[in-house]
Amino acid sequence: MSSDDIRSYHNLKEGKTMTQTYEEFETRCDTLMSRISGLGIHDLADARWRDYFEEGLSPLAALRQANVDSWDSEMDAVLHPKSWYPRS
């Protein structure tokens, strides 16, 4: 299996298709964030959405990167569900 095949599978698994436009990507990020947290991406500090799209990130990966880059990891509890549970 080539790296392109693996990338295609990962993108499909994460909900991103190769023919997705930037507007579709941004809408998917906004919808996902709204479903996870009740806040849209435009309710939070600006992030580098175009860069994330051009880098080929999935909407979930883009939200997690925005959390680190722009939101000071304030959304960890909703973007990383494992952090809801204490470690044993």
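The side chains of Tyr52 and Asp69 are joined by a polar contact of 2.7 Å. A polar contact is a pair of N or O atoms within 3.5 Å; within protein, one must be able to donate a hydrogen and the other to accept it, and residues adjacent in sequence count only if both atoms are side-chain atoms. The model is predicted: local features need pLDDT of at least 70, side-chain atom pairs count only at pLDDT 80 or more, and totals for chains, interfaces and linings use all residues. Residues are numbered from 1 along each chain as its sequence is written, and side-chain values use heavy atoms, with hydrogens and water left out.

The protein comprises 5 helices and 0 strands. Along the sequence the pattern is α-α-α-α-α. Helices (H or I, at least four residues) and strands (E, at least two) are DSSP runs, numbered from the N terminus. Of the 88 residues, 26% are buried (under 20% relative accessible area, with a 1.4 Å probe and protein chains only). Among contacts (heavy atoms within 4.5 Å) with a separation of 6 or more, 46% link residues 24 or more positions apart.

Tyr52 lies in helix H3 (residues 49–54). Its relative accessible area is 0%, so Tyr52 is buried. Residues up to four places away in sequence aside, Tyr52 touches Phe25, Ala47, Leu57, Ala62, Gln65, Ala66 and Asp69. Phe25 is 27 residues from Tyr52 in sequence, and their C-alpha atoms are 9.5 Å apart.

Phe25 also takes part in the packing of H2 on H4. Helix H2 (residues 22–37) and helix H4 (residues 59–69) pack at about 70 degrees, with axes 9 Å apart. Axes are lines fitted to C-alpha atoms over the stretch in contact, and angles run from 0 to 180 degrees between N-to-C directions. The two helices are therefore roughly perpendicular (65 to 115 degrees). H2 contributes Phe25, Arg28, Cys29, Leu32 and Met33 to the contact; H4 contributes Pro59, Leu60, Ala62 and Leu63. By class, 8 of these residues are nonpolar, none polar and 1 charged.

The largest nonpolar core has 16 residues. Such a core is a set of buried Ala, Val, Leu, Ile, Met, Phe, Trp, Tyr and Cys residues joined through side-chain atoms within 4.5 Å. Phe25, Cys29, Met33, Trp49, Tyr52, Leu63 and Trp71 have the most contacts inside it. H2, H3 and H4 each give two or more residues to this core. H2 provides the largest share, 4 residues. Beyond four places in sequence, Met33 touches Gly38, Leu39, Gly40, Ile41, Leu44, Leu63, Trp71, Met75 and Leu79.

Methods: Angles under 35 degrees count as roughly parallel, over 145 as roughly antiparallel, 65 to 115 as roughly perpendicular and the rest as oblique. Ala, Val, Leu, Ile, Met, Phe, Trp, Tyr, Cys and Pro count as nonpolar, Asp, Glu, Lys and Arg as charged, and the others, Gly among them, as polar. Buried means under 20% relative accessible area, exposed over 50%, partly exposed in between (1.4 Å probe, protein chains only).
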